[in-house]
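Subject: Structure handover

Dear colleague,

Here is the structure we spoke about, with the sequence alongside. My notes on it follow below.

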Amino acid sequence: MNFCFNINRLSVVVASLITPLLLLAEQPVSFKADLAPILLNQCQSCHGPKKSKGGYRVDTFERAMEVGFDELHYRMVTEEEDEIMPPDADPLPAEMIALFKRWQEEGETFDGDDPQASLTEIIPGLKHPDPPPQYARAIPVTAVAFANDDQSILTSGYHEMLVWTARDGKLQRRISGLPERILSIDIHSGGKQVAVAGGSPGRSGEVRVIDLLDGSLVQLLHKSDDLCLSAKFNPTGTRLATCGTDGSVRVFDCETWEEVVTFANHSNWVNDLAWSADGNKIVTGSKDHTSKVFDLTTNSRISTYTGHDGGVYSVIFDETGEYVLSACSKGKVLYWRTESGQAVKELANQSESIYQIAALDSAEHFIFSGAMPSVEMIDLQSGKKGKEFTSTYNNLSLAVSSDTRRLLTGDSQGGLRLVDIESGELLTGFTAAP
Amino acid sequence: MRSWIKPVKQGIVSRCTLFSLVSFLGVSAQLVLGESAQHEEADLPITPIQVGTPERIEVSPSEFTICGPRDQLQLVITGHYANGEIADLTRVATLMFSSPGIAESAERSAIQPLADGETTVAVSVGGCSTSISLNVTNQKSKDPVSFYYEALPALSKAGCAAGGCHGAPHGKGEFRLSLWGFDPVSDQHTIINEEFGRRVNLIEPKKSLLLAKPRNDVAHEGGLRLRDSDIEHEVLVNWIKSGCHVEKKPPRCTGIRLTPGKDLALKRPHHTQQFRVEAMFEDGSCKDITHLASYESSDEKICRVSRHGLAVGMGRGEAAVIVRYLEYIQSTIVSFVEDVPDLNWETETPANYVDEHIYAKLEKFKYLPSGMSSDSEFFRRVHLDLTGLLPAPAQVSEFLDSSDADKRSKLIDELLETEEFTLFWTQKWGDVLKLSARQMGHGGVVKFHRWIRDSVASNQPYDEFAKEILLATGSNLIKPTSNFYRAGSDTSDIMESTAQLFLGTRIGCAKCHNHPYEPWTQDSYYGLSAFFNRIETRKTGRKGEIVVWMNDEGDVRHPATNEIVEPWVPGSHPLDLDPESDRRKAFVEWLTGKENPFFAKVEVNRIWAQLMGRGIVEPFDDLRDTNPAANQPLLDALTADFVEHDFNRKHIIRTIVNSRTYQASSKTNQWNKNDYRYFSRYYPRRLTAEQLIDALSDLTGIRENFASVPPGIRATQLPAPDLKKHDREKIGDIEFLKVFGMPERQTVCECERGDDSSLGQALELFNGKTLHGMLSDQNNRFHLAHQEKQATEAILTDLYLRAFSREPNEEEKKIAVEYFDTAKDKGQALEDIVWVAINRDEFLFQY
């Protein structure tokens with residue numbers, strides 16, 4: 001019997017899970033599989049890293065048990081109106097409380113690896129449901145990438161990644177077992193692995209490294225309680241950097257998958273990150289309106305750029321790594337110095353949010369897209385507008401082919417467009433839904 | 001009499017754990033529990049409907065068209081009985097359809113469509129029956145769920161778009177909706193597109209964050225707000241299923257209609273009423289939206305309204321049932337009456353129309369008024385209300401000894417002509433006209449104060465008073481009323497202040513969105529602003545002087561359209577504006593016109609509140625349909641009387657103070673102890689800060705002297721609270737006044753004056769510097785009397801007459817004399833006796 005808790009469907013699972021649990025009384029209650037999801041879903045919004053009401057947190061085993069089991073249990077069952085938890089809703093279902101009680105009677109054992117690890121890390125790997133055979137309707141394309149020497153296109157699907165033939169837009173493969181939403185797709189320089197960041201909004205976040213050949217899972221990383229937003233390999237493919245709604249930036253070794261360093265400098269979601277060409281620096285863009293540069297040789301922060309007045313959605317280095325381009329929700333693209341965080345110039349200022357920015361031909365030009373039905377090109381030196389590639393809907397995702405001759409966009413209505421940059425001609429256009 | 005300072009809660013918390021703090025911090029979330037508990041009607045105290053034998057039944061509507069597969073029709077079925085009573089029989093009626101398969105009866109006698117066609121619905125209950133004709137159309141329509149008219153109202157109904165939740169100016173938890181769906185364009189983006197569409201799940205709609213959060217499937221700080229059985233849930237799921245479709249150009253909604261729409265009276269056991277709400281559209285169509293509207297009650301102690309539109313009486317009295325759909329608000333007043341056994345209705349003979357209206361209302365709700373106050377009580381009360389000061393012992397004795405039958409009304413006439421009356425009532429106006437050195441400088445305060453004083457002394461008609469203030473032009477030192485404009489920071493502030501003062505309207509909300517509880521819209525806000533936008537103020541070279549003048553250009557632009565807004569006043573008549581003249585004139589003319597529905601009303605209500613401690617409408621400067629008056633006929637009568645007497649304020653004061661209602665005892669009887677709003681007795685209230693310090697001065701004979709005013713000026717006569725710089729080192733006078741709630745006069749709201757009790761007050765009265773100084777002063781009245789070897793009883797009698805306007809009784813005398821005689825330090829004993837008197841409710845309160 002599989003006791004893996006699917007926290008995406010806690011309410012459903014609880015009902016179906018409790019009965020067998022009671023029947024199979026010999027099966028001991030597991031903290032990581034049974035209790036951790038309850039604490040995570042019922043308590044952590046008020047008693048977690050973001051809010052820790054009363055100075056109490058449940059986000060790790062150690063912290064949750066700080067008050068002792070009796071107190072924890074008392075808070076679930078007391079009739080005192082001022083003391084019952086949760087304070088704003090019906091008491092926890094009796095079955096859930098019974099699980100806690102039984103766990104105590106069985107000896108309060110912690111069955112995770114690290115009592116200081118966050119609950120999301122110790123809850124056993126979540127198996128994702130299969131994607132629907134056919135989509136009832138197209139969904140926004142939140143991530144796109146070229147693969148297989150630009151012959152294939154990867155797009156975000158629902159609980160899956162979709163692989164299309166670039167030439168004619170035919171669906172080649174569906175790689176399932178992935179989180180509900182995918183916010184970022186990045187191909188390893190070797191072309192054999194892909195890092196996918198995503199999750200289920202408000203519920204879970206993760207980064208999966210997938211083997212492109214057979215779609216198998218290489219590694220599950222950066223598990224959190226809300227979406228992971230970006231995961232990118234360094235140019236040589238030895239490191240993977242991830243970031244997300246938990247505000248952290250993590251760097252992993254691609255051999256051992258050990259976490260090399262974590263930067264928790266942002267106070268809000270980290271929307272995007274990018275590597276410098278030499279692989280020594282990472283730049284991040286956050287909902288906290290700042291952009292930061294980290295040095296991986298010293299594992300320290302180099303600079304913070306504070307010139308945006310909205311959340312920063314997208315960041316890239318120039319080819320030298322001395323300058324950064326960052327774009328934000330208030331429609332600005334800013335060009336600033338890596339070392340000092342000092343602005344050089346403003347390259348765009350429009351009313352619509354900008355979601356994506358990408359460099360072209362040796363970074364003389366760059367393009368951006370956002371909450372407008374077009375992709376715009378700008379000359380980096382002169383700041384002058386170049387070509388404009390118009391579409392019908394707002395583009396949420398953007399990628400440039402490795403030969404920088406083709407442009408790929410995914411829009412809010414599920415549409416995908418492959419455009420020749422030189423001529424502006426639409427090479428392929430289709431709805432990216434099975 | 002209630003105890004007024006609650007003892008400080010001792011630290012006897014046994015489980016002083018981390019969690020205590022947690023739950024303390026979680027208090028805001030506790031509010032949700034109340035609503036959550038009320039979610040299902042089973043939690044409301046509904047007694048089974050007693051059908052009895054109605055003479056006839058009335059079914060509303062008489063004919064109806066259901067147009068669309070998701071529409072419904074809520075019937076309202078009323079039984080009429082031989083004794084004139086009515087009962088809502090909606091939920092017990094039986095519905096029969098002449099043509100099968102067209103429609104069916106669902107819960108609460110709501111009709112749901114099945115297929116296109118016509119049918120007659122026969123409604124029967126209690127042996128009566130009647131029928132309505134129903135036309136069902138458009139059932140095969142594939143029209144997706146309407147974003148504007150179904151999804152947004154569902155979010156409002158679930159509470160998501162409420163002002164305390166995601167409808168707050170900055171939202172909650174990084175999710176911001178417009179207040180009550182006021183801005184659909186913004187909401188559309190927020191819900192569908194923001195953060196790459198994270199809030200909706202187009203493949204599995206039920207899993208959408210938008211629904212999982214309020215269902216509490218995913219931890220939600222706002223708690224459980226939505227059950228998957230709720231209609232709101234169904235609407236939102238279907239809307240997301242449709243791909244979050246947003247109509248391009250929906251027909252505009254023009255308003256909503258509530259049935260029963262007229263005010264109604266329900267008598268227990270028939271204390272429930274089902275409502276139906278319809279929305280009207282510009283294309284002439286009309287839909288039943290009972291299931292999508294949101295419901296509120298103006299007073300939960302009297303009435304609660306279920307989410308299905310069922311009003312349930314909780315106690316005797318009236319409450320407004322408030323219905324909201326999109327930006328539209330409708331309300332109706334429901335009175336809940338019941339028989340009270342053993343009540344023998346007997347009242348004083350009404351002295352004037354005030355008593356007639358008050359008694360009529362009290363009789364309706366069976367709150368027996370208290371008897372008349374004693375002469376002592378009345379004498380003390382009327383002095384405090386009209387002069388702000390306690391009467392002197394000789395006056396008390398003279399009044400108590402007098403056998404003149406008209407002595408009360410004669411006293412009232414005398415007091416109304418005193419200098420103290422003028423100054424005390426000048427202070428009341430000073431509060432709301434923001435007379436303070438900070439707002440208008442020392443010179444400005446002195447001039448403006450003098451002007452108000454002269455206005456009160458001469459009993460200037462109220463319309464003239466308002467005109468002089470609002471039309472002020474010129475130097476604030478020459479034309480004192482221009483200080484009104486000096487105290488306003490900008491056009492918005494001036495207009496909002498004017499509206500609150502003279503229209504009894506808190507229009508501030510409408511600056512950013514349509515008012516959530518009133519028909520005031522953003523257009524009204526900027527239309528009114530346009531009258532004041534051309535006012536300019538400029539400093540002159542002279543110290544403390546500013547000049548107010550009217551520019552001949554300058555327009556208000558609507559923030560949404562950026563178009564110029566023309567001056568506008570409520571009511572339909574267009575204004576004939578002379579482009580050459582001061583725009584304010586047109587406004588003031590409308591304002592002070594005898595037919596203005598707000599102007600006179602807010603002033604009589606203000607006077608009433610100042611005398612009775614609570615407005616007929618409360619708060620007294622917040623007149624709106626959704627805040628029903630405790631006694632509308634009385635408010636109307638006072639208003640009419642005021643207008644008829646050319647806005648004579650003293651006439652209104654005299655009328656109220658001469659009423660039996662004003663002169664009633666503050667003691668409760670067994671039939672009115674639950675009344676808190678219908679004036680069945682005089683409601684006791686704490687002396688104001690200024691009254692208290694003056695009372696202490698008079699009692700002890702030690703005068704407080706205030707800086708920057710001539711000697712002899714009392715606290716109740718001070719022109720402003722900040723004539724003297726606040727000195728932390730010298731705790732006393734002003735500090736004492738602040739602790740007891742003297743307003744700083746930074747807003748036009750009377751609510752700035754604090755009437756609550758606090759630990760600071762308890763400490764001041766226990767051994768605060770001010771009080772201690774007065775008591776221990778060897779030259780105070782009691783020490784002097786003692787030094788003059790006056791008899792203890794004489795000293796005691798003097799104390800009681802001054803403090804309570806009565807003589808001590810035998811027991812009080814005995815205790816005090818014994819204490820005094822056995823004490824070693826006689827001076828100290830005397831101080832103790834006075835201290836005890838001061839700390840009695842009988843001293844600290846007006847009753």
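In chain B, three strands make an open sheet in the order E21-E23-E22, with antiparallel pairing. Helices (H or I, at least four residues) and strands (E, at least two) are DSSP runs, numbered from the N terminus, and two strands pair if DSSP finds at least two bridges between them. The edges are strand E21 (474-475) and strand E22 (535-539) of chain B, each of which pairs on one side only. Five bridges hold E22(B) in antiparallel pairing with strand E23 (residues 546-550) of chain B; across them, B:Glu536 has B:Trp549 in E23(B) as its bridge partner.

Before going further, note that this is a predicted model: local features need pLDDT of at least 70, side-chain atom pairs count only at pLDDT 80 or more, and totals for chains, interfaces and linings use all residues. Residues are numbered from 1 along each chain as its sequence is written, while chains are lettered from A and ligands numbered from 1 in the order in which they are written.

Other strands of chain B

Strand E10 (residues 128-137) of chain B is joined to strand E2 (residues 63-67) of chain B by five bridges, and the two run parallel. B:Ile66 stands opposite B:Val136 in E10(B). E10(B) also pairs with strand E9 (residues 117-125) of chain B, in the antiparallel sense and over nine bridges; here B:Val123 is partnered by B:Thr130. The hairpin of E9(B) and E10(B) has two residues between the strands, and in it B:Gly126 takes a positive phi near 55°.

Domains and a covered helix

Chain B is divided into domain 1 (56-141 + 251-337), domain 2 (345-368 + 600-683), domain 3 (461-592) and domain 4 (685-846); the bounds come from an automatic or database domain assignment. Between the C-alpha centres of domain 1 of chain B and domain 4 of chain B there are 59 Å.

Helix H3 (residues 147-157) of chain B is mostly covered, with ten of its eleven residues buried. A residue is buried if 20 or more other C-beta atoms lie within 10 Å of its own, exposed if 12 or fewer, and partly exposed in between, with C-beta atoms placed from the backbone. The buried residues of H3(B) include B:Phe147, B:Tyr149, B:Glu150 and B:Lys157. Among the elements that cover them are helix H4 (184-197), helix H6 (231-241) and strand E19 (317-325) of chain B. Just after H3(B), B:Gly159 takes a positive phi of about 95°.

Nonpolar cores

The largest nonpolar core has 144 residues, and A:Val196, B:Val321 and B:Val323 have the most contacts inside it. E19(B) gives the largest share of this core, six residues. Apart from it lies another core, of 128 residues, including B:Trp451 and B:Ile795. Such a core is a set of buried Ala, Val, Leu, Ile, Met, Phe, Trp, Tyr and Cys residues joined through C-beta atoms within 7 Å.

Chain A

An open sheet of four strands has the order E5-E6-E7-E8 in chain A, with antiparallel pairing. Strand E5 (181-187) and strand E8 (217-224) of chain A are at the edges with a single partner strand each, so one side of each has no neighbour in the sheet. Eight bridges join strand E6 (residues 193-200) of chain A to strand E7 (residues 204-211) of chain A, and A:Gly199 stands opposite A:Gly205 in E7(A).

A:Gln134 lies in the loop between helix H6 (119-122) and strand E1 (144-147) of chain A. A:Gln134 counts as exposed because it has 7 C-beta neighbours inside 10 Å.

Regards

Technical notes
Contact = placed C-beta atoms within 7 Å.
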